[in-house]
Amino acid sequence: MTDLVLLGGRVHTLDARGTVAEAVAVTGGRVSAVGSDADVARLAGPSTRVVRLAGRAVVPGLNDSHCHFENAGMDGHTVSFAGVRTLDAALDRIAALAATREPGAWVQGQPWNPALQLAEGRGPDRRELDRAAGGRPVYLPEGHAATASTAALERAGIRPDGHDGRLVEGAMHAVARVIPEWTREERVAQLTAAMRVLNRSGITSVVAGALPPGDVEAVRGLIKDGRSTVRVAAMVTPTGELNPSVPLADWEALLACGPPAPIGGHYVTRGIKLQVDGGMTLGTAAMREPYLTRPGYHGEMVTDRDRLAGLVGAAHRAGWPVGTHVVGDAAIDVALDVYAATRNRRLLPDVLIHASLIRPDQIARARTLGVQVAAQMPFLWRNRAAIAGHLGGARTEAAVPLRDLVDGLGLDAVSAGTDYPINALDPFQNIYAMTTRRDAAGDVVGGAQGVTRSEALRLYTTSGAAHTGEQEVKGRLDAGAFADLAVLDADPLTAPDDRLRATEVLMTVVDGQIVHDTGLLD
């Protein structure tokens with residue numbers, strides 16, 4: 001019996017022919033028919049839910065290929081800095097959450113970027129955190145940096161004397177590893193809430209950017225209980241760190257069992273996550289040529305070639321593909337060298353995550369090696385001025401070269417994402433930026449690197465499916481494919497630019513189940 005029928009729409013199937021249909025039918029979690037209203041309407045029975053689209057667009061469910069999605073479910077558990085524009089307002093939010101905690105309990109923040117977000121151009125220092133949180137341990141992550149209170153530093157064994165609380169890269173982990181883990185019940189509630197946030201944006205699949213094993217098991221539990229509303233493919237951090245400091249023999253032991261098997265059409269794991277360098281906005285990406293404002297400075301390498309080769313080689317031998325955080329061209333050189341030396345064609349392709357400053361010669365090399373790229377345009381949307389301040393105009397214009405990546409690697413080897421919560425989750429703002437190459441100020445950056453609307457949509461759908469090896473059953477709407485789809489209030493292929501950017505999701509379906517519904521459709 002047909003479970004769901006959508007009629008009277010503009011259904012972008014994204015099949016090999018680019019078919020646009022009027023209607024789609026869903027049975028048992030799969031697309032059972034796509035075609036004309038007349039043909040599909042006949043499949044509806046007495047218990048079938050019929051949705052009349054009134055000309056609205058339908059697309060395959062969207063896939064964010066690099067997203068720390070778990071952070072979307074943290075309201076009430078951690079401090080949100082959304083909408084905060086001043087230091088005093090940020091401190092007020094910290095104080096408000098701290099007031100709900102017992103003395104001595106940790107206060108954590110959701111990732112933010114105070115240097116860009118706050119009028120003061122900086123976040124709170126250690127002493128300001130002490131006052132706001134009443135002496136409680138506070139940890140506020142910012143991606144590759146963080147700020148900690150006196151109590152947090154002391155619990156990590158860091159002497160606070162002369163320390164402003166600012167932490168970068170390895171120093172962050174020293175504090176992060178002493179923060180108590182959430183209970184299983186808390187984590188399940190957070191992950192469930194996060195999935196619902198993604199559903200509201202039409203996102204039905206995600207490659208989780210860096211999940212520890214406990215979170216992977218929590219996701220598996222949600223799937224088994226029928227409570228997962230997003231297909232998760234996790235980049236796993238087996239020790240909770242992007243570059244584990246354990247001896248290689250211990251690392252091999254951690255990976256020895258290999259990746260867990262998929263559960264009921266949910267992939268669960270995509271590979272192991274590692275890191276080579278810093279970032280563009282911080283001015284720490286590892287570069288072939290020195291930085292504009294720091295003569296002789298080439299950025300930061302957080303691991304060397306030999307260590308990375310040992311980690312990647314052990315992962316491959318245990319059956320795990322690898323994704324490496326690489327931003328600068330020098331870091332990409334290291335990752336490609338290691339991938340070339342440790343290739344294992346039996347696995348899903350290895351991934352360059354970010355690769356924001358990849359060069360043409362590296363794209364050609366990645367193609368030869370069969371390496372995929374998970375790219376995020378939103379870094380330029382939000383941070384263009386800061387990046388240009390570090391690298392200069394020419395290198396900023398060449399950043400996130402989507403046109404070169406698609407032409408050089410092919411659509412199936414490139415996928416789109418956001419690195420949420422570092423950047424906004426909105427896929428339609430991202431598609432707008434990928435096609436217009438405009439930043440938040442409306443200025444064009446690297447205009448020659450824009451892709452077409454069709455390509456941008458595929459980078460979020462068919463390419464996302466190929467990224468996890470699921471292109472036979474996901475990323476398109478034709479008979480037999482997973483019934484994952486989104487109904488939109490604007491057509492992403494034809495809407496004017498400003499309308500595209502403001503697109504709203506009216507309904508989201510995952511595995512044939514309606515997981516988001518605004519109530520605006522019949």
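1. The largest cavity holds about 40 Å³ of space. The model is a predicted one. Searching the whole structure gives 1 cavity of 30 Å³ or more.

2. Which residues line the largest cavity? The lining is made up of P60, G61, T204, S205, K474, G475, R476, F482 and D484. By class, 2 of the lining residues are nonpolar, 4 are polar and 3 are charged.

3. The second largest pocket has a volume of about 710 Å³. Its lining takes in 30 residues, and A82, P111, Q117, P421 and A424 are those nearest the pocket's centre. Two or more lining residues come from each of α3 (114-117), α13 (378-391) and α16 (427-436). The lining of the second largest pocket divides into 17 nonpolar, 9 polar and 4 charged residues.

4. Two packed helices are described by the angle between their axes and the distance between the axes. For helix α9 (residues 248-255) and helix α10 (residues 305-317), the angle is about 30 degrees and the axes are 9 Å apart. Angles under 35 degrees count as roughly parallel, so α9 is roughly parallel to α10. The crossing of α9 and α10 is right-handed.

5. Which residues make the contact between these helices? From α9 the contact uses L248, W251, E252 and L255. From α10 the contact uses R307, G310, L311, A314, A315 and R317. By class, the contact of α9 with α10 comprises 6 nonpolar, 1 polar and 3 charged residues.

Methods
Residues are numbered from 1 along each chain as its sequence is written. This is a predicted model: local features need pLDDT of at least 70, side-chain atom pairs count only at pLDDT 80 or more; totals for chains, interfaces and linings use all residues. Side-chain values use heavy atoms; hydrogens and water are left out. On a 1 Å grid over the protein atoms alone, a cavity is a set of points where a 1.4 Å probe fits but cannot get out, and a pocket is an open set with protein on both sides within 12 Å along at least five of seven lines; lining residues have an atom within 4 Å of a point. Grid points are joined across faces, edges and corners, and a volume is the space filled by probe spheres set on the points. Helices (H or I, at least four residues) and strands (E, at least two) are DSSP runs, numbered from the N terminus. Ala, Val, Leu, Ile, Met, Phe, Trp, Tyr, Cys and Pro count as nonpolar, Asp, Glu, Lys and Arg as charged, and the others, Gly among them, as polar. Axes are lines fitted to C-alpha atoms, for helices over the stretch in contact, and angles run from 0 to 180 degrees between N-to-C directions. Angles under 35 degrees count as roughly parallel, over 145 as roughly antiparallel, 65 to 115 as roughly perpendicular and the rest as oblique. A crossing is left-handed if the near helix is turned anticlockwise from the far one by less than a right angle, and right-handed if clockwise. Contact means heavy atoms within 4.5 Å.
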